[in-house]
Amino acid sequence: MKKVRPPHVAGYFYPADPVTLHNEIQRMLDEAKTEKSFNKIIGIVSPHAGYMYSGKTAAYAYNALKGKNYKTAIVISPSHSEYFPGISVYDGDAYETPLGVVEIDEEKANKLVEGSKLIFRGIQGHRREHALEVQIPFLQSVLEDFKIVPVVMGDQSSVFVNELARKLAEVMDEETIIIASSDLSHFYNANQADQLDSIVEKRINDFDYEQLQKDLDSHRCEACGGGPIVAMMKAAALKNYNKAKVLKRTDSGDVTGDKSEVVGYLSAVVYE
């Protein structure tokens, strides 16, 4: 392989040692059991803070994927470190984590870009982005033989969200899972955070992605990966998937004990 994106936040957002990382993810998956099982899951929402803060919340969604036979995972992330006007699909051969190398699904990556003026193959957004990287060790822990399509949204305004939804619907099938990487509100006290984050939770549970987009645009709620969430839900609707369920919602204060300034997290599934 010529171009492999190396892990950038191993040892910071999650353990760099493969055995420690494997054991930590397994522990979180064991602790995050959900009673309900879902048959045809087309997408999940997963948070992207350090595993210490949001890993267990993410594990609820990843548990729902265990034992399922997905061949491709399309991981959609916001861009935290660089702005660019478009949607960047990684132009290399693979992403690497301490658990190993995951190849890019070239066919689906190219199909996502084909005929689009807003989606392109590139390195933009991928160099240092943690929100995409932290999802991959979880995928490596619950899926067996799969490839990825890493997607970073440099701009989350509605024209880009709508274009991504349209192109996702073209490449989606029963062997493809979409991961929308997002945290919720940042640095409010726990009561304020709960008011904001409960709006996102309700919109997801109601499968009302249009109202979620309006609420994000008008700042009635916050989600740094709101664009990925809306694009994934809208694409699902285009393929006649119309149910979503929030599995867990937490905030960083649940771990630190400090409720004066928290970051909100949730995990959810979108299914038939």
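**Stop 1: the aromatic rings**

Welcome! There are 8 aromatic pairs to find here, where rings of Phe, Tyr and Trp (its six-membered ring) pair if their centres lie within 6.5 Å; planes under 30 degrees apart count as stacked, over 60 as edge-to-face and the rest as tilted. Select Tyr 12 and Phe 13: their ring centres are 4.9 Å apart and the planes meet at 85 degrees, so this pair is edge-to-face.

Before you go on, note that this is a predicted model, in which local features need pLDDT of at least 70 and side-chain atom pairs count only at pLDDT 80 or more, while totals for chains, interfaces and linings use all residues. Residues are numbered from 1 along each chain as its sequence is written, and side-chain values use heavy atoms, with hydrogens and water left out.

Stay with the pair for a moment. Is Tyr 12 buried or exposed? Tyr 12 counts as exposed because its relative accessibility is 68%, whereas Phe 13 is buried at 17%. (Buried means under 20% relative accessible area, exposed over 50%, partly exposed in between, using a 1.4 Å probe and protein chains only.)

Now select Tyr 14, Tyr 51, Tyr 62 and Phe 138, which form one aromatic cluster.

**Stop 2: a covered helix**

Phe 138 leads you to helix 5, residues 135–142. Helices (H or I, at least four residues) and strands (E, at least two) are DSSP runs, numbered from the N terminus. How many residues of helix 5 are buried? The count is 8 of the 8, so the helix is largely enclosed by the rest of the structure. Among these buried residues are Gln 135, Pro 137, Gln 140 and Ser 141.

**Stop 3: the nonpolar core**

In soluble globular proteins, nonpolar side chains tend to be buried together. Here the largest nonpolar core has 87 residues; such a core is a set of buried Ala, Val, Leu, Ile, Met, Phe, Trp, Tyr and Cys residues joined through side-chain atoms within 4.5 Å. Helix 9 (residues 226–238) gives the largest share of this core, with 7 residues.

Select Ile 41, Tyr 62, Leu 65, Val 151, Leu 164, Leu 168 and Ile 204, the residues with the most contacts inside the core. Then centre your view on Leu 168. Which residues is Leu 168 in contact with, leaving aside neighbours within four places in sequence? They are Ile 74, Ile 76, Leu 112, Ile 178, Ala 231, Met 232 and Ala 235, where contact means heavy atoms within 4.5 Å.

**Stop 4**

Next, highlight strand 3, residues 72–78, where 7 of the 7 residues are buried. In a regular strand the side chains alternate between the two faces of the sheet. On strand 3, Thr 72, Ile 74, Ile 76 and Pro 78 are buried on one side, and Ala 73, Val 75 and Ser 77 are buried on the other.

Two strands pair if DSSP finds at least two bridges between them. Strand 3 runs parallel to strand 8 (residues 147–153), joined to it by 7 bridges, and pairs in the parallel sense with strand 9 (residues 176–181) over 5 bridges. Click on Ala 73: this residue stands opposite Ile 148 in strand 8 and opposite Ile 177 in strand 9.

Ser 77 is also worth a click. It counts as buried because its relative accessibility is 0%. Not counting residues up to four places away in sequence, Ser 77 touches Glu 129, Ala 131, Leu 132, Val 151, Val 152, Met 153, Ser 181 and Pro 228.

**Stop 5**

Look for an open sheet of 3 strands in the order 1-5-6, with mixed pairing. Strand 1 (4–5) and strand 6 (100–103) are at the edges with a single partner strand each, so one side of each has no neighbour in the sheet. Strand 1 runs parallel to strand 5 (residues 94–97), with 2 bridges between them, and Val 4 stands opposite Ala 94.

**Stop 6: charged pairs**

The structure holds 21 salt bridges, each a side-chain nitrogen of Lys or Arg within 4 Å of a carboxyl oxygen of Asp or Glu. One of them joins Arg 127 to Glu 82 (3.0 Å, N to O). This pair links distant parts of the chain, 45 residues apart.

Finish with Glu 170 and Arg 166, another salt bridge at 3.3 Å, N to O. These two are 4 residues apart in helix 6 (residues 158–171), so about one helical turn separates them.
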